[in-house]
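I opened my notebook to look up how one protein chain folds. I wanted to start with the whole and then move to the parts.

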Amino acid sequence: MREERDRWAQGAPVGRRMLLGTLAAGVAGLAAAPYLQRGWEDALGAASQHDPTGLTGLLPDPGGFRYYSVVGSVPRKDETDYGLRVDGLVDRPRTYTLPDLRALPQTRVVHDVLCTDGWRVDDTPFQGVRLADLLDAAGVRSEGAALRFTCFDGAYSESLTLEQARRPDVLVALTMQDQPISHAHGGPVRLYVAPMYFYKSAKWLSGITVTDRVIPGYWEDYGYDVDGWLPGADRGPDAA
Ligand SMILES: Nc1nc2c(c(=O)[nH]1)N[C@H]1C(S)=C(S)[C@@H](COP(=O)(O)O)O[C@H]1N2
Ligand SMILES: [Mo]
């Protein structure tokens, strides 16, 4: 999939334009169907689930974002069945429901979002619980050095060092652009790591495990930088 994305990013102009046209027609067809009620963004998500080429990732949604998923279909979760498990090297493992997370102090962070594929959406607000607060509540043990994030899509994963995770601009986000995070954007809960490329911001977040070392995430196994700092990011005291 990574290779496919790179290949398309480099461009095969005629083939790609044709395919995009075909795909746009397909998406338009979907949009005319009941998907319309959920909006274009969810139609893109739905279309990409039937899209073996991954090209739906090249169709912008109205806000400038693009839909990414490494799996074909992702279950929907809401207040009745969503859970965020915090465990690993902690004294007090816990599973948070959506109401649990909403009841905690909320922080709003506005930052530019950048994907390594070249698109960006400036000044995007995210709001949610500071990851640092969840770590404090869990009581990280002295052997703890990093976090592994897992997702209820069953495939994606990410990592942060504890020091990165404790930054005030790293959120377990419940809203994006001041709306509840849609399913297409990884709702009801996604990670938001403001100072890093958007691949670090795991969608459909379901697990946070404290580990004794960094375990590279999904894209990082394909060569992405484990430290996904954005150009010009203030890396803090651990700056290399
Ligand atoms: N679970 C999951 N999270 C993910 C991804 C994914 O494929 N699956 N893609 C990452 C990448 S590469 C980007 S750019 C953003 C895209 O978020 P969006 O679909 O809301 O635009 O999600 C990141 N988080
Ligand atoms: Mo990305």
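My entries on this structure follow.

**Ground rules.** I am working with a predicted model, where local features need pLDDT of at least 70, side-chain atom pairs count only at pLDDT 80 or more, and totals for chains, interfaces and linings use all residues. Residues are numbered from 1 along each chain as its sequence is written, while chains are lettered from A and ligands numbered from 1 in the order in which they are written.

**Overall.** I looked up the elements and found 7 helices and 10 strands. Helices (H or I, at least four residues) and strands (E, at least two) are DSSP runs, numbered from the N terminus. Buried residues are 34% of the 240 in the protein. Buried is 20 or more other C-beta atoms within 10 Å of a residue's own, exposed is 12 or fewer, and partly exposed is in between, with C-beta atoms placed from the backbone.

**Core.** Next I checked the largest nonpolar core, which has 43 residues. Such a core is a set of buried Ala, Val, Leu, Ile, Met, Phe, Trp, Tyr and Cys residues joined through C-beta atoms within 7 Å. Leu-171, Val-172, Ala-173, Val-189, Leu-191 and Leu-205 touch the most other members. Among the elements that each supply at least two residues are strand S4 (120-130), helix H6 (131-138) and strand S7 (170-176). S7 gives the largest share, 6 residues.

**Sheet.** Then I traced an open sheet of 5 strands, in the order S2-S1-S10-S5-S6, with mixed pairing. Which strands stand at the edges? They are S2 (94-96) and S6 (157-161), each with a single partner strand, so one side of each has no neighbour in the sheet. Strands pair if DSSP finds at least two bridges between them. S5 and S10 pair in the antiparallel sense over 6 bridges. Arg-148 stands opposite Thr-209 in S10. S5 and S6 also pair in the antiparallel sense, over 5 bridges, and Phe-149 stands opposite Glu-158 in S6. Their hairpin has 5 residues between the strands, and Gly-154 there takes a positive phi near 85°. I noted that 4 of the 5 residues in S6 are buried.

**Ligand.** Last, I listed the 18 residues around ligand 1; Cys-115, Tyr-156, Phe-198, Tyr-199 and Lys-203 come nearest. A residue counts as near if its C-beta atom, placed from the backbone, lies within 6 Å. The shell divides into 11 nonpolar, 4 polar and 3 charged residues. Here Ala, Val, Leu, Ile, Met, Phe, Trp, Tyr, Cys and Pro count as nonpolar, Asp, Glu, Lys and Arg as charged, and the others, Gly among them, as polar.
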